[in-house]
Amino acid sequence: MTIGGVRCFLTTVMLVVSTGGVWGSPAVATVARAGTTAVSPASVVPAPVIATPTGGVTYRITATTTIYTEPGSTAAADIAGQLAAIVRRSTGYPMPVVDAPSATPTDGIALLLSGAPTAVGGEGYQLDVTDASIAVRANEPAGLFAGVQTLRQLLPAAVESPTVQPGPWDVAGGRIVDYPRFAHRGAMLDVARHFLPMSVVKRYIDEIALYKVNRLHLHLSDDQGWRIAVNSWPNLAIYGGSTEVGGGTSGYYTQDEYRQIIAYAAARYIMIIPEIDMPGHTNAALASYAELNCDGVAPKLYTGTKVGFSSLCVGKEITYTFLDQVLGEIAALTPGPYLHIGGDEASSTTAADYATFMNRAQQIVAAHGKSVVGWHDIVNAPVLSSTVAQFWGTTTSNAAVATAAQNGTKVIMSPANHVYLDMKYNSRTRLGLRWAGYIDVQDAYGWDPGAYLAGVGATSVLGIEAPLWTETIETLADVEYLAFPRLPAIAELGWSPMSTHDWTSFNQRLGAQGPRWRAMGINYYHSTQVSWPTGS
Ligand code: NGO
């Protein structure tokens with residue numbers, strides 16, 4: 001494959017071998033140990049589509065380096081501002097951000113919305129490093145942002161440090177041409193079982209953005225808690241959000257906080273997908289409003305971890321007024337095209353009621369101008385052509401999902417035995433569950449989302465998503481421990497072409513992230529499967 005006249009990754013791999021390890025794993029390990037010398041482009045996660053080194057060439061960031069941006073583009077200036085903030089902290093250099101004087105700056109670091117190959121699309125980029133300059137070129141700001149995440153990883157790990165480090169700040173010469181395999185590269189946080197404050201969500205957004213994740217699905221309601229203020233039904237948050245698993249003090253996002261999360265994510269090119277789970281997983285709502293129950297009696301708040309016992313009342317018209325008003329408010333707050341309506345484990349709803357309910361719920365979402373995402377159970381009801389199914393099973397075949405896919409339903413792949421970040425790594429892991437099995441890094445990495453589920457080919461796959469359910473998770477440190485190093489492995493499956501898929505090389509690249517996570521203060525799990533550089 002050739003893009004814009006550049007050799008494909010496979011050619012590059014051969015080049016890596018033939019250049020005697022300049023880009024090979026031994027160099028990666030040595031470089032990562034030092035933590036302050038140039039990092040091989042071969043250590044980027046997710047693996048770029050094409051990475052071509054220029055031997056013996058290095059660009060050095062110094063106290064006089066300028067960041068140039070596409071003239072007139074506030075998006076480019078904002079992305080440059082984020083890069084500058086990171087680099088200023090660790091280098092101590094001023095790193096001014098100014099409009100580029102020309103379409104081909106001859107010094108500094110340029111973030112430009114011109115000159116990228118058409119084939120990199122809206123989220124891809126081309127990154128050129130010479131001894132005089134660095135240029136990231138993209139067709140859209142999202143591509144510039146992705147290119148900057150690659151550039152961060154090409155800098156020594158110490159660049160992520162919150163305090164000034166000695167340097168030097170070298171970037172190895174070469175060209176990267178890169179773009180994603182799948183449109184949907186997601187992570188999910190369950191903020192219902194244990195409430196996670198906005199600061200934790202923002203920090204997780206920062207962490208997943210580094211690995212080119214572009215969707216954050218927020219599981220905002222469940223039996224144990226309702227986590228977003230709804231003006232038309234205020235008790236949902238005030239009462240339904242007052243507890244959590246184990247009964248600790250809990251909370252919810254005000255609408256202003258939710259808007260802040262959306263804006264923070266948008267600045268990192270991440271779309272928020274809100275989920276209100278229904279008709280099951282609704283005890284917090286049923287406890288908040290007696291009239292939502294078929295018998296008119298509100299159940300108690302629930303702080304356990306059982307599933308499948310609650311259901312909205314399918315036969316009552318007020319249920320659909322509730323859906324219309326709640327989903328209407330959330331649709332109005334959410335700029336993205338999707339509302340996730342759950343639909344999983346509705347074991348207290350009959351199959352006929354489930355179909356009736358999902359039919360109306362999909363119409364209501366459509367009336368508010370959004371498309372539905374549902375857990376794959378939703379294909380047991382008739383689905384609209386715009387409805388997306390999120391597969392969370394543990395098998396490689398599911399007849400109902402395959403039939404839906406053949407009828408045009410797009411699928412997000414979240415096979416629980418590979419990507420559920422709440423599964424324990426092994427029997428000694430203190431946090432997490434084990435119902436879908438233990439998942440170490442090789443299990444998270446070792447599958448192909450485009451050829452996993454029988455009858456669901458790559459063209460039916462919208463992408464991949466790594467959910468983190470929080471029955472046992474209470475803090476940022478807990479989140480980080482389960483997400484790292486598995487989240488970057490899953491992010492690579494979403495971004496990189498299968499031609500780059502190779503455990504041995506991935507293991508080296510992933511290990512090279514260790515010093516970066518240390519510099520960032522990420523509480524990651526030291527999986528024995530990963531070749532961590534000494535000292536990380
Ligand atoms: C299941 C269940 C969730 C649990 C999770 C725990 C889905 C889609 N429904 O996944 O309620 O929290 O497992 O791993």
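# A guided tour, starting at the ligand

Welcome! The residues of the shell around the ligand divide into 7 nonpolar, 1 polar and 5 charged. Here Ala, Val, Leu, Ile, Met, Phe, Trp, Tyr, Cys and Pro count as nonpolar, Asp, Glu, Lys and Arg as charged, and the others, Gly among them, as polar. Before you click on, note that this is a predicted model, in which local features need pLDDT of at least 70, side-chain atom pairs count only at pLDDT 80 or more, and totals for chains, interfaces and linings use all residues. Residues are numbered from 1 along each chain as its sequence is written, and side-chain values use heavy atoms, with hydrogens and water left out.

**Stop 1: the ligand**

Select the ligand and the residues around it. Which residues come nearest? Of the 13 in the shell, they are Arg 193, Asp 344, Tyr 420, Asp 422 and Glu 471. A residue is near a molecule or strand if one of its heavy atoms lies within 4 Å of it.

Now show the side chains of three of them and look for polar contacts (pairs of N or O atoms within 3.5 Å; within protein, one must be able to donate a hydrogen and the other to accept it, and residues adjacent in sequence count only if both atoms are side-chain atoms). Start with Glu 471, where a side-chain N or O atom is 2.5 Å from an oxygen atom of the ligand. Go on to Tyr 420, whose side chain has an N or O atom 2.7 Å from a ligand oxygen. Then pick Arg 193: one of its polar side-chain atoms lies 2.8 Å from an oxygen atom of the ligand. How much of the ligand's accessible area does the protein cover? On its own the ligand has 340 Å² of accessible area, and the protein covers 97% of that. Accessible areas come from the Shrake-Rupley method with a 1.4 Å probe, and for residues only the protein chains shown count as cover.

**Stop 2: helix α10**

Select residues 351-367, which form helix α10. Helices (H or I, at least four residues) and strands (E, at least two) are DSSP runs, numbered from the N terminus. The expected span of a helix is 1.5 Å times one less than its number of residues. For the 17 residues of α10 that should give 24 Å, and the end C-alpha atoms are 24 Å apart, which agrees.

Tyr 354, Phe 357, Met 358, Ala 361, Gln 362, Ile 364 and Val 365 are buried in α10. Turn the view to look down the axis of α10: the buried residues fall within an arc of 160°, so they line one face of the helix. That arc is taken from the directions from the helix axis to the C-beta atoms. An α-helix has 3.6 residues a turn, so residues three or four places apart point the same way. On the other side of α10 you will find Ala 352 and Ala 367, which are exposed.

**Stop 3: helix α15**

Jump to residues 486-495, helix α15. This helix is mostly covered, with 10 of its 10 residues buried. Among them are Arg 486, Glu 492 and Trp 495.

**Stop 4**

Most residues other than glycine have a negative phi, and most peptide bonds are trans.

- Select Val 45 and Pro 46: the peptide bond between them is cis, with omega near -5°. Pro 46 sits in the loop between α2 (25-34) and β1 (50-61).
- Select Gly 167 and Pro 168, joined by a cis peptide bond with omega near 0°. Pro 168 is in the loop between α4 (141-154) and β7 (169-178).
- Select Tyr 269, which is not a glycine but has a positive phi of about 60°. Its loop runs between α7 (255-266) and β12 (271-278), and Tyr 269 counts as partly exposed at 26% relative accessibility.
- Select His 281, with a positive phi near 55°. His 281 lies in the loop between β12 and α8 (283-288) and is buried, with a relative accessible area of 3%.

**Stop 5: Thr 429**

Finish in the loop between α12 (416-419) and α13 (441-445), where Thr 429 lies. Thr 429 is buried, with a relative accessible area of 5%. Which backbone nitrogen does its side chain reach at 3.0 Å? It is that of Asn 426. A polar atom of the Thr 429 side chain also lies 3.1 Å from the backbone nitrogen of Tyr 425.

Terms used. Buried < 20%, exposed > 50% of the residue type's maximum accessible area, 1.4 Å probe, protein only.
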